[in-house]
Amino acid sequence: MREIIFDTETTGFDPLTGDRMVEIGCIEMVSRVMTGETYHAYFNPLRPMPAAAEQVHGLSDRFLSDKPLFAHKAEELLTFLGDSPLVAHNAGFDFGFLNAELQLCGLDPISLDRMIDTVALARAKHPGAKLSLDALCSRYGIDRSHRVKHGALLDAELLAQLYIELTGGRQIGLSLVDDRAAVAGSDDGGTRHLVRVRPYREARPHSATPQELALHSEFIAKIKDALWLESESAL
């Protein structure tokens with residue numbers, strides 16, 4: 001199954017009050033394995049960057065001034081996302097900004113049915129624990145020493161590792177059978193599908209053979225006061 005793990009950086013907390021998305025980073029995973037395919041873009045928000053937000057992600061007005069508008073990259077982003085489930089940490093926040101930007105472009109919002117929230121997954125698995133990305137990376141031993149400031153692609157990479165841990169651990173991508181698997185070519189939506197072919201095997205017989213039953217009876221007959229004989233006579 002193809003999934004996209006993504007993160008955003010913004011000018012603030014609420015798109016309904018005029019805040020805008022200034023960065024998005026996306027990581028492609030197939031069957032819980034990162035494929036190496038990513039999407040990353042910065043956007044000019046057409047508004048000043050508040051000092052508090054700049055302290056979080058380090059994206060200044062000067063840096064963003066020559067970046068494209070979201071509207072100029074929207075179709076490219078949607079092609080990468082395809083129809084895959086979208087995984088984010090506190091996903092309602094990221095979906096809120098992503099859909100607000102799409103609506104400003106006159107495009108349809110992404111259905112919330114596609115949303116997977118790793119905060120909700122972590123809360124169910126670790127009730128009462130700290131649920132920040134930093135805290136959960138520490139819990140699972142995920143190296144974040146290179147994370148000086150928030151960055152959408154870097155945070156998406158950390159989140160991809162966390163998502164693997166929250167949904168079964170690193171072993172989930174391994175297989176002990178004869179895989180003979182191949183990744184099919186992209187369809188029109190840019191979605192890649194993992195095709196796994198397994199050989200058909202007949203069900204193994206589980207009943208004892210007459211020879212095995214005879215050997216078993218001989219063995220039991222050698223045991224003094226065998227409980228098996230008592231239970232059989234009771235029947």
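**Aromatic pairs, a pocket and some backbone details**

Five aromatic pairs turn up in this predicted model, where rings of Phe, Tyr and Trp (its six-membered ring) pair if their centres lie within 6.5 Å, and planes under 30 degrees apart count as stacked, over 60 as edge-to-face and the rest as tilted. Helices here are DSSP runs (H or I, at least four residues), as are strands (E, at least two), and both are numbered from the N terminus. Both Phe6 and Phe95 are buried, a label that means under 20% relative accessible area, with exposed being over 50% and partly exposed in between (1.4 Å probe, protein chains only).

Phe43 and Phe70 are also edge-to-face, since their ring centres are 5.1 Å apart and their planes sit at 65°. Here too distant parts of the chain are linked: Phe43 belongs to the loop between strand S3 (33–42) and H1, Phe70 to helix H3 (residues 70–81), and 27 residues separate them. Phe43 is buried, at a relative accessible area of 1%, and Phe70 is buried as well, at 2%.

A word on the ground rules: residues are numbered from 1 along each chain as its sequence is written. As this is a predicted model, local features need pLDDT of at least 70 and side-chain atom pairs count only at pLDDT 80 or more, while totals for chains, interfaces and linings use all residues, and side-chain values use heavy atoms, with hydrogens and water left out.

Rings also meet charges. The charged end of Arg2 sits over the ring of Phe80, 5.5 Å from its centre, and that of Lys67 sits over the ring of Phe63, 4.0 Å from its centre. To qualify, NZ of Lys or CZ of Arg must be within 6 Å of the ring centre and within 35 degrees of the ring normal.

Now for the open space. The largest pocket holds about 560 Å³, a volume being the space filled by probe spheres set on grid points, which are joined across faces, edges and corners. On a 1 Å grid over the protein atoms alone, a pocket is an open set of points where a 1.4 Å probe fits, with protein on both sides within 12 Å along at least five of seven lines, and lining residues have an atom within 4 Å of a point. The lining of the largest pocket runs to 23 residues, and Thr8, Glu9, Val56, Phe93 and His150 lie nearest the centre. At least two lining residues come from each of strand S1 (2–10) and helices H1 (51–57), H4 (91–104), H6 (133–139) and H7 (152–166). By type, the lining splits into eight nonpolar, nine polar and six charged residues; Ala, Val, Leu, Ile, Met, Phe, Trp, Tyr, Cys and Pro count as nonpolar, Asp, Glu, Lys and Arg as charged, and the others, Gly among them, as polar.

Glu165, found in helix H7, is buried at a relative accessible area of 12%, and its C-alpha is 7.3 Å from that of Tyr140, 25 residues away in sequence. Val119 in helix H5 (residues 118–125) is buried too, at 11%; His89 is 30 residues off in sequence, yet 5.6 Å away C-alpha to C-alpha. Pro85, in the loop between H3 and S4, is partly exposed at 22%, and 8.6 Å separates its C-alpha from that of Ile5, 80 residues apart along the chain.

On the backbone side, most residues other than glycine have a negative phi. Asn90 is placed in the loop between strand S4 (86–88) and H4, and its 43% relative accessibility makes it partly exposed.

Finally, there is helix H8 (residues 210–221), whose twelve residues reach 17 Å from first C-alpha to last, close to the 16 Å expected at 1.5 Å a residue (1.5 Å times one less than the number of residues). H8 is hardly covered, with one buried residue among the twelve.
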